[in-house]
Amino acid sequence: MPTIMTMRGFLTSPPGSPSTVVCSIGVTCAAALALPLLSLPAAAAPAGPSEAGAPGGTRSLPLAPLTRERVLGTAPEQGLYRPNGEHFSLVGVVWDDPDAELHGRVQVRTRSAKTRKWSAWQDVETHNADHGADPGTAERDARRVRGATAPLWVGDSDGVDVLVRGVSGGVRGGHTVEPGPPLPYGLRLELVDPGEEAPPEGVPADAPRTGPHMDAARAASAANMDIAGFGVLEIPALGRRATERELARLDGPVRAKPYIGPRPRIVTRRGWGADESLRERGFVYTKQAKAAFVHHTASGNKYTCAQAPSVIRSIYRYHVTGMGWRDLGYNFLVDKCGTIYEGRAGGVAKAVLGAHTRGFNSNSTGIAVIGSYGATKPPGAAVTAIARLTAWKLGLYGADPRGKTYLTSGGGNLYPKGKNVRLNVISGHRDGFATECPGKRLYAKLGTARSSAARYQGR
């Protein structure tokens, strides 16, 4: 069982702690495409029990083959039409085998709970295999882990229409004669309701004041007690000198001149309303944070900054209940207004093992900007937040944001397991795994983030 580290000496890994785990988050969300409306089966009763009474919940609904005549060589298709149902704000599609790839396209349209109008069809990013734990780790090999698309934020909705279309078969002599690859087995639509309010102390409102729910909430708060008070909603910003004094008190590995940026304000898990009963107990650490990988969540840009905590609660639920991870994959998240949020539990100043960059989760930290930034320019406030966060976080471990470092690959589609790879201290997800993440527009801003972070560090 991983141990919880607090107070002094947190910058080193506890004896026997794992050194690797999982990966990251998706690719850009493609542009919407108008398709003819098809006759899709209405959803039956939900497969799992309802989470009524909890602060939010997830409905997992099986997809079914379309009810129309099949022609040899046409693309396999599954779908679901649910015009009336419970409220949800985020959707995604999961399947049983995490190693199976969805060859094709996933599109959804949703009905607004406020206006009762249906949206246009939207694409859901299907290339999501770069998110998940590294092969051979406990988190990756857990029996509950599933394959999945990226999540898509759709806002408060009460109706959904989803179409999964595979790839058409081969062509011979001008005619399609062979079937395309099958769709993954066990396709299910995940409808995630983030809940309207943050639960008291990060647990369901009707949970007992003692027991495992409360213990998990207390543990998450206690993990930050080396730099903040117990149970705080946010960790306040510090000035440069106060940050340097804090670093000296923490007794970390930095012994030379402390090149560290002022600590930024960080909203804690309790601050954004994490239901701590969802995640696995205990925390897993690596030795240090030598590098930061920048991501985008590929969940779309149709959210307000006031909705950001709801988006994070939704992604958290999707990662844990939908995809089967032990916790939220990212170590930190940043919204379009530049607010920084604590991600995976275990302490924002500690080297918490995340699930953000497949093959390079060990000795790194993952930062995800909420949204899709393939075609959309990232807000300046978000880029500044990346710079401020990395100047502080990497400064805790003596890393120069403008420099290079070596990380050992845990296995992926760019570097084989065991290869020592030279990477930028601030890298994009695509630098460690062949993916579009963090989107070409955000990736283009990483140079600015590096130089700004170094300046914040006083270099």
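A: In this predicted model, helix α6, which spans residues 380-395, packs against helix α8, residues 446-456, at an angle of about 45 degrees. The axes of the two helices lie 8 Å apart. Angles of 65 to 115 degrees count as roughly perpendicular and angles under 35 degrees as roughly parallel; α6 and α8 are therefore oblique to each other. The crossing in which α6 passes α8 is right-handed.

On the α6 side, the contact is made by V383, T384, I386, A387, R388, T390 and A391. On the α8 side, T448, A449, S452, A453 and Y456 take part. Sorted by class, the contact of α6 with α8 comprises seven nonpolar, four polar and one charged residues.

The largest pocket holds about 580 Å³ of space, and 22 residues line it. Of these lining residues, S89, G155, D156, S157 and Q307 lie nearest the centre of the pocket. Three strands, β5 (88-95), β6 (104-112) and β9 (152-166), are the elements that give two or more residues to this lining. Strand β9 gives the most, with five residues. In terms of class, the lining of the largest pocket has eleven polar, six charged and five nonpolar residues.

Terms used
Residues numbered from 1 in each chain as written. Predicted model: local features only at pLDDT ≥ 70, side-chain atom pairs only at ≥ 80, totals over all residues. Heavy atoms only, no water. Axes fitted to C-alpha atoms, helices over the stretch in contact; angles between N-to-C directions. Helix = DSSP H or I, 4+ residues; strand = E, 2+ residues; numbered from the N terminus. Parallel < 35°, antiparallel > 145°, perpendicular 65-115°, else oblique. Left-handed = near helix turned anticlockwise from the far one by under 90°. Contact = heavy atoms within 4.5 Å. Nonpolar A, V, L, I, M, F, W, Y, C, P; charged D, E, K, R; others polar. 1 Å grid on protein atoms, 1.4 Å probe; cavity = no way out; pocket = protein on both sides within 12 Å on 5 of 7 lines; lining within 4 Å. Points joined across faces, edges and corners; volume = space filled by probe spheres on them.
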